[in-house]
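Please look through the sequence and the model below before reading on. The report that follows goes from the whole chain to single residues.

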Amino acid sequence: MKYCKKCGCLYATDVCPKCGIEEPINQPEPEAPDKKTLTRQWIGLLVGIPLFIMAIYVVIYMLYARG
């Protein structure tokens with residue numbers, strides 16, 4: 001089943017029955033990011049997630065330390 005982005009109709013034919021828009025056949029493949037960008041993103045995740053969790057613990061500790 002295909003999905004028409006314009007009217008939201010599901011259809012099995014080549015053309016949408018409601019609006020008559022043909023779906024493009026050949027869509028270009030997305031380019032893969034270069035290795036340097038991919039490495040930076042992984043390092044950012046590996047460092048950022050634990051720091052975020054630690055910041056949550058610090059905020060909770062500060063809230064309970066005052067009370």
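Which pattern does the protein chain follow when it is read along the sequence? The protein chain follows the pattern β-β-α, with 1 helix and 2 strands, where helices (H or I, at least four residues) and strands (E, at least two) are DSSP runs numbered from the N terminus. This is a predicted model, in which local features need pLDDT of at least 70 and side-chain atom pairs count only at pLDDT 80 or more, while totals for chains, interfaces and linings use all residues. Residues are numbered from 1 along each chain as its sequence is written, and side-chain values use heavy atoms, with hydrogens and water left out.

**The whole chain**

The radius of gyration of the protein chain is 24 Å, whereas a compact globule of 67 residues would have one near 11 Å; the radius is taken over C-alpha atoms, and the globule rule is 2.2 Å times the number of residues to the power 0.38. Along the principal axes, the C-alpha atoms fill a box of roughly 65 × 40 × 15 Å. Of the 67 residues in the protein chain, 6% are buried, a word that stands for under 20% relative accessible area, with exposed for over 50% and partly exposed in between (1.4 Å probe, protein chains only). Among contacts (heavy atoms within 4.5 Å) between residues at least 6 apart in sequence, 0% join residues at least 24 apart.

Asp34 counts as partly exposed because its relative accessibility is 44%, and Thr13 counts as partly exposed because its value is 46%. Arg40, in turn, counts as exposed because its relative accessibility is 60%. The side chains of Asp34 and Thr37 are joined by a polar contact of 2.5 Å, a term for a pair of N or O atoms within 3.5 Å, of which, within protein, one must be able to donate a hydrogen and the other to accept it, and residues adjacent in sequence count only if both atoms are side-chain atoms.

| Pair | Apart in sequence | Apart in space |
|---|---|---|
| Asp34 and Val15 | 19 residues | 37 Å |
| Thr13 and Met1 | 12 residues | 8.3 Å |
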